[in-house]
Amino acid sequence: MSNSNTPQRVKTTDLGDGVLLITLDSPPVNALGYALCGELVPLLEAAAADPAVTTVVFTGANGFFSGGADVNDFSTPPTGDTKTVRDVIETVEKSDKTFVAAFDGSALGGGFELALACDYRIATAKSRVGLPEIKLGLLPGAGGTQRLPRLIGANDALQMMLKGDMMKAPDALAKGILDEVASGDVIEAAKKYAGKPKRRISEKKAELGVANLGLFATPFVVAQAHMMVPPEENGGFAAHKLIDAVQAAIELPFERGWARELRLFMELVQSTPSAALRHVFFAERELSKVPGLPKTEPIEIKTAGVIGAGTMGTGIAIVFAEAGIPVTIIETKDEAVEKSREMIFGTFKYNVDKGRLTQEDAWKRANSISFETDYAELGDVDIVVEAVFESMPVKKDVFAKLDAATKPEAILASNTSTLDIDEIASATKRPGNVLGLHFFAPANIMKLLEVVRGKETSPQTLTTGIALGKKLRKVAVVSGNAFGFIGNRMLFEYEAQAVQLAEEGVSPARIDQVIKEKFGFAMGPFAVADLSGLDVYNFISQSQGGSPLGRILIIAKLVEQGRLGQKSGAGFFKYDKAVGKGRQAIPDPEVEQLIAQLAKEAGIPQNPNVSDEEIIARCTRPLADSGAELVRNGIALRPGDVDIVWIYGYGFPPHHGGPMWYAENEAHYTPKGGTAAAETKELTHA
Ligand code: T1G
């Protein structure tokens, strides 16, 4: 039965006793692209017709079962004889052979759907299964919405598909998704299932899986689900279609549900939100590719140091500890050490309470963070991240001390959010080992990390910074060394435009409401300003000698009145500890009157009835303009990098693809000066 001209992406092996092994082997993740499916279907048809074959075992090479359908394929719809995952699964479904999925690695999306079309499923303990299609603005389009509800109940299946998370093998076994978690060789284990009776999930009924609510159970559960997800026009398009598909699994025969699923899938794959999310998927995977960067091995980071036990320094230390890297915090103030210890143990306790960490793991990690006062204690660390007050003299003094105290090959990183990395590096004799690692507050929560490359940062130091970002489970974006790097540089333009809208008579509350609820940002611009601190804006704005974010001195005035934002209980908005734990923005007529008065004195024309669409355009265009300038100047490597920064660092709605993708594909707005990608040139301090 072995097939000499075995196609290149799929291998077949005769295991004897009528068992045919089919191995998916298409690096990196055995994606079930049109080409692989085109090779698989005829193989399965031949096996179905071969009386010598009783059982087909599917497995995957390259450490995966399969990462699912090939996301690249969605931009080119299948033509007449193109074979897709659905065709593969239909061929399995029609065959009378016994099918076993046996895998040591992840089975995701279409890969998991292929496993669900099999009669038995076996995996190793480290394997995971999942239907992450929702993260691409899609739904599982190869039977997942019809089979998973029939296997584990509609409610559990719906929750799993709406989240799109992976499930570990032991949990999948407990759920009845797997038949066995193999301790040894998974193919050997699969042989035990040879010749076992067929067990098509499609022949089962999809139980609701919730306490029986009687006649109205399905409509009630479905209605509930629709209410729990965002509106279709604001990031929930795929979720609502997914719920419709699961409802079909409950109410319709399998064949009709299978057809309904395809119609809903086709609607999604052609939708703008899905195109945006697929752009984000690939943009994120481009980040570590730095044009012109010589290939070097990263330095292995086994131990770390952090200077400063403030909120940022402590958060950064927690990030290292969570990645299993012991870290020493240098802090001279006892009070700061105490506060830092509280934050550390509180964070790990929270993770234990949430079931993310065992008590033992949490204890081990928390105790891998130590406190010292003397820089000499950092003599052996591989990297130090400085997180002291945002002042150049202070930072240069710290780096000079680090230069003297640490081993010559240690990397010295600054967490500065705006200061010049080259000037900081000049305080050391090792500028090649210096870079910026700009974490976003709270450092142990926010995924974004800007890896800032100075003029003299060596390729190995930059490569190490990028690799460290991945090890710390951050989304690491390379930035040139310029004021505000990428994210904050754009933030000032965005906030200035919002303030100007307010000067023209549009209330901060309405601007925030439109940007948050209509466009989909996590927070509106004024709530963001209040969260960051108006004194910070004021300080940066004045230190840059720039205009105070708009045409009137509203921020300076508010700071003068002690209205610093959330931290002082009032900024653009008011905050009341009794309301939303003091974090809920409450409109403040006093501020609106102050803005109106300042605008009047400045003779600014009023236009309070500007449309919602105009508010969105006025706030998103400065992002596209400043993002395009950063790409042209080589501070950002690609428009996609800018998109990722704003999605992960500032809550830009991913279903709009990021500021650059949105401008080009939805707003059809060409940024000032265009977005010609930067030539490969030294990223410098502009
Ligand atoms: N299609 C195409 N390329 C993929 C891919 C995919 N599904 N998954 C990964 N890659 C590429 C990725 O671009 C990168 O390429 C390389 O593989 C390594 O990826 C019909 C419609 C599998 C957990 O959503 O979650 O099935 O940059 O860096 O960290 O119902 O990749 O090296 O050139 O992420 O080890 C559903 C998406 C598809 C899974 C591996 N499946 N992938 O993580 O490696 S739609 C997904 C992942 C579908 C069916 C539906 C992860 C991973 P390059 P990586 P990793």
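Aspartate 17 sits in the loop between strand E1 (10–16) and strand E2; helices here are DSSP runs of H or I with at least four residues, strands are runs of E with at least two, and both are numbered from the N terminus. This aspartate has a positive phi of about 50 degrees although it is not a glycine. With a relative accessibility of 75%, aspartate 17 counts as exposed; the cut-offs are under 20% relative accessible area for buried, over 50% for exposed, and partly exposed in between, with a 1.4 Å probe and protein chains only. The model is a predicted one, in which local features need pLDDT of at least 70 and side-chain atom pairs count only at pLDDT 80 or more, while totals for chains, interfaces and linings use all residues. Residues are numbered from 1 along each chain as its sequence is written, and side-chain values use heavy atoms, with hydrogens and water left out.

Phenylalanine 485 also carries a positive phi of about 50 degrees without being a glycine. Its place is the loop between strand E18 (475–480) and helix H18 (487–503). Here the relative accessible area is 0%, so phenylalanine 485 is buried.

Two cis peptide bonds turn up in loops as well. One runs from proline 27 to proline 28, with omega near 5 degrees, and proline 28 belongs to the loop between strand E2 (19–24) and helix H1 (34–49). The other joins alanine 441 to proline 442, with omega near -10 degrees; proline 442 is in the loop between strand E16 (434–439) and strand E17 (448–453).

Now to the ligand. Its shell holds 26 residues, and the closest are Gly67, Ala69, Glu113, Gly141 and Arg285; a residue is near a molecule if one of its heavy atoms lies within 4 Å of it. By type, the shell divides into 15 nonpolar, 6 polar and 5 charged residues. In this scheme Ala, Val, Leu, Ile, Met, Phe, Trp, Tyr, Cys and Pro are nonpolar, Asp, Glu, Lys and Arg are charged, and the others, Gly among them, are polar. Oxygen atoms of the ligand pair up with several protein atoms. An N or O atom in the side chain of glutamate 113 is 2.5 Å from a ligand oxygen, a backbone N or O atom of glycine 110 lies 2.9 Å from one, and a polar side-chain atom of lysine 289 is 3.0 Å from one. On its own the ligand exposes 990 Å², and the protein buries 75% of that; such areas come from the Shrake-Rupley method with a 1.4 Å probe, and for residues only the protein chains shown count as cover. Helix H3 (110–117) and helix H11 (272–286) are the elements that give two or more residues to the shell, with H11 supplying the largest share, 3 residues.

As 8 of its 8 residues are buried, H3 is largely enclosed by the rest of the structure. The buried set includes Gly110, Phe112 and Glu113.

Phe112 comes back in the largest nonpolar core, which has 75 residues; there Phe58, Phe112, Leu148 and Ile177 touch the most other members. A nonpolar core is a set of buried Ala, Val, Leu, Ile, Met, Phe, Trp, Tyr and Cys residues joined through side-chain atoms within 4.5 Å. Helix H9 (residues 237–251) gives the most to this core, 8 residues. Beyond its neighbours within four places in sequence, isoleucine 177 is in contact (heavy atoms within 4.5 Å) with residues including Phe112, Arg121, Leu148 and Met167. Apart from this core lies another, of 63 residues, with Phe483, Leu623, Leu630 and Val642 among them.

Serine 626 is part of helix H24 (residues 612–632) and counts as buried, at 5% relative accessibility. Its side chain reaches the backbone oxygen of leucine 623 at 3.3 Å. Leaving aside neighbours within four places in sequence, serine 626 is in contact with Met490 and Glu493.

Threonine 328, in strand E12 (residues 327–330), is buried too, with a relative accessibility of 14%. A polar contact of 3.3 Å links its side chain to that of serine 370; the term covers a pair of N or O atoms within 3.5 Å where, within protein, one must be able to donate a hydrogen and the other to accept it, and residues adjacent in sequence count only if both atoms are side-chain atoms. Not counting residues up to four places away in sequence, threonine 328 touches Ala304, Gly305, Val306, Ser370, Glu372 and Leu378.
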